[in-house]
Amino acid sequence: MLTKVRLPAEKRIEVVHVSLMRDPKFALFAGLFMVGKITIVESEHYTASTNGRDAKYGRTFVDSLTDKELAFLIMHENMHKCYRHLTTWRKLWEVNAGIANNACDFVINIQLHDMDPQETCLAFPRDKTTGQRIGCFDERFRGMDAKQVFDILMEEGGDEGEDGDEGDGPSGDKDSDEGGNGTKRKGFGKFPTLDEHEWEDAQNGMTEDEKKQLERDIDQVLRQGGIYAGKVGGNIPREIGELLKPKIDWRAVLHRFVRTSLKDRDSASWRKAHKNFLWQDVILPSILGKRMKWLVIGMDTSGSIQGQLLTDFLSEMNGCLASVGADRVDVIYWDAEVAGHETYKGNTKNIVHKTNPKGGGGTDPDVVVDFMQEKRMTPDALIMLSDGHMRTNKQKWAAIKAPTLWCILGNDKYEVPNGQKLVIR
Ligand SMILES: [Zn+2]
């Protein structure tokens with residue numbers, strides 16, 4: 001089973017990263033492992049630590065762990081990164097460092113336990129002699145965030161027993177480089193922790209630009225990871241799903257879009273039929289309550305829309321479809337020409353996991369008009385997604401009868417050839 005000669009810590013960490021990435025349960029985190037750098041610390045009593053970007057692992061400690069325990073430790077550090085604990089909860093750390101440390105770990109460890117309760121990939125590191133878990137674990141904190149756990153721990157008496165470190169957060173933290181193996185350390189709260197949290201380094205060890213970049217990187221790798229996890233059949237824990245909610249309230253946007261579109265198109269004839277203007281209050285809302293029958297999404301996959309932008313598009317599209325619930329959705333990928341076309345009927349939720357974006361060339365949205373005419377597409381609505389760095393032929397777009405919403409990422413100067421414009425950040 002286990003070979004006698006262990007690979008060095010550096011290599012084992014790499015191997016564990018790869019096996020976690022391949023497992024649908026952890027595919028979500030695939031990109032996160034690549035954020036920041038990894039250092040092996042030679043100190044004998046060092047377990048692990050993170051500043052929210054980089055991770056450090058103690059060689060002796062890693063050597064003492066089984067592969068599954070090491071996977072747990074690696075996931076633990078990456079969950080701190082994922083939740084941006086060291087910036088989000090800095091205020092708690094300033095109030096009480098020990099309890100803040102404990103609270104963050106209670107949150108992570110119960111989630112890791114629940115992601116793999118049978119311990120097929122991850123096993124909570126245990127003390128080899130006592131069999132006790134090394135680190136904070138309590139089932140009552142299931143589903144809570146660090147603030148909720150913090151409040152409970154504070155109410156239950158703070159980190160009494162820690163001399164002189166109460167209430168003054170930052171003190172006594174830097175000297176704790178020699179983190180013990182599940183032993184009680186100064187500034188580390190009542191409960192032994194698995195690792196150290198470098199709050200000071202998270203605050204002062206990075207420039208403001210680096211912090212912003214880190215925030216963007218983590219957001220992006222999780223969004224990409226979410227799409228990838230969907231494709232390989234993995235699920236996304238609710239807590240992390242919260243972080244990945246679309247940035248736009250699609251329900252509101254689309255309702256406004258449909259309402260104004262219908263009004264523009266039909267108001268004259270409707271007014272004739274309903275002289276008392278009842279339609280405004282009664283009939284229109286009932287129309288809006290209906291499902292959309294056919295939606296076409298024209299997605300810009302030109303060279304300028306790669307990486308982060310395409311990821312943003314896909315997650316916005318998913319939010320849009322979850323809200324609309326259309327009977328049929330056509331996705332047209334376009335760059336200088338139509339590069340791909342997909343049709344979804346029936347359950348259009350989560351189609352983002354089935355999509356296969358194609359493209360990469362120049363930018364010419366007019367090809368969507370030709371394509372729709374050629375395929376005789378007459379949808380209820382058309383949504384175009386693009387960064388808006390292009391030209392469009394206004395006359396050509398007059399042929400599109402469907403209400404059109406242009407979602408433009410970034411470039412608010414772009415003038416849409418028809419329909420409405422929504423500038424996204
Ligand atoms: Zn931790």
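View 1. Glu 10 is partly exposed, with 14 other C-beta atoms within 10 Å (C-beta atoms are placed from the backbone; 20 or more others within 10 Å make a residue buried, 12 or fewer make it exposed, and counts in between make it partly exposed). The residue belongs to helix H1 (residues 9-22); helices (H or I, at least four residues) and strands (E, at least two) are DSSP runs, numbered from the N terminus. Between Glu 10 and Ile 38 there are 8.6 Å, C-alpha to C-alpha, at a sequence separation of 28 residues. The model is predicted: local features need pLDDT of at least 70, side-chain atom pairs count only at pLDDT 80 or more, and totals for chains, interfaces and linings use all residues. Residues are numbered from 1 along each chain as its sequence is written.

**View 2. Strand S3 and its partners.** Strand S1 (residues 38-41) runs parallel to S3 and is joined to it by 4 bridges; two strands pair if DSSP finds at least two bridges between them. Val 41 has Gly 58 as its bridge partner in S3. Strand S2 (residues 48-50) is antiparallel to S3, with 3 bridges, and Ser 49 stands opposite Lys 56. The hairpin of S2 and S3 has 4 residues between the strands, and in it Gly 52 takes a positive phi near 95 degrees. In a regular strand, side chains alternate between the two faces of the sheet. Strand S3 (residues 55-58) is covered on both faces: Ala 55 and Tyr 57 are buried on one side, Lys 56 and Gly 58 on the other.

**View 3. The largest nonpolar core.** This core has 60 residues, and those with the most contacts inside it include Ala 71, Ala 103 and Phe 150; a nonpolar core is a set of buried Ala, Val, Leu, Ile, Met, Phe, Trp, Tyr and Cys residues joined through C-beta atoms within 7 Å. Helix H6 (residues 97-115) gives the most to this core, namely 10 residues. Beyond its neighbours within four places in sequence, Ala 71 is in contact (C-beta atoms, placed from the backbone, within 7 Å) with Val 16, Leu 20, Cys 121 and Leu 122. Another core, of 26 residues, lies apart from the largest one, with Leu 295, Ala 326, Val 331 and Met 384 among its members.

**View 4. Crossing of helices H6 and H7.** The axes of H6 and helix H7 (residues 146-155) come within 8 Å and cross at roughly 130 degrees; axes are lines fitted to C-alpha atoms, for helices over the stretch in contact, and angles run from 0 to 180 degrees between N-to-C directions. H6 and H7 are therefore oblique to each other (under 35 degrees counts as roughly parallel, over 145 as roughly antiparallel, 65 to 115 as roughly perpendicular, and the rest as oblique). Residues making the contact include Ala 100, Ala 103 and Val 107 of H6 and Ala 146, Val 149 and Phe 150 of H7.

**View 5. The six-stranded sheet.** An open sheet of 6 strands has the order S7-S6-S5-S8-S9-S10, with mixed pairing. S7 and strand S10 (420-424) stand at the edges, each with a single partner strand, so one side of each has no neighbour in the sheet. On average, neighbouring strands are turned by 15 degrees against each other, direction ignored. Strand S5 (residues 294-300) runs parallel to S6, with 7 bridges, and Leu 295 has Val 329 as its bridge partner in S6. Val 329 also stands opposite Tyr 344 in S7. Helix H14 (residues 366-374) lies across S5, S6 and S7, at about 135 degrees to S6.

How values were computed. Contact = placed C-beta atoms within 7 Å.
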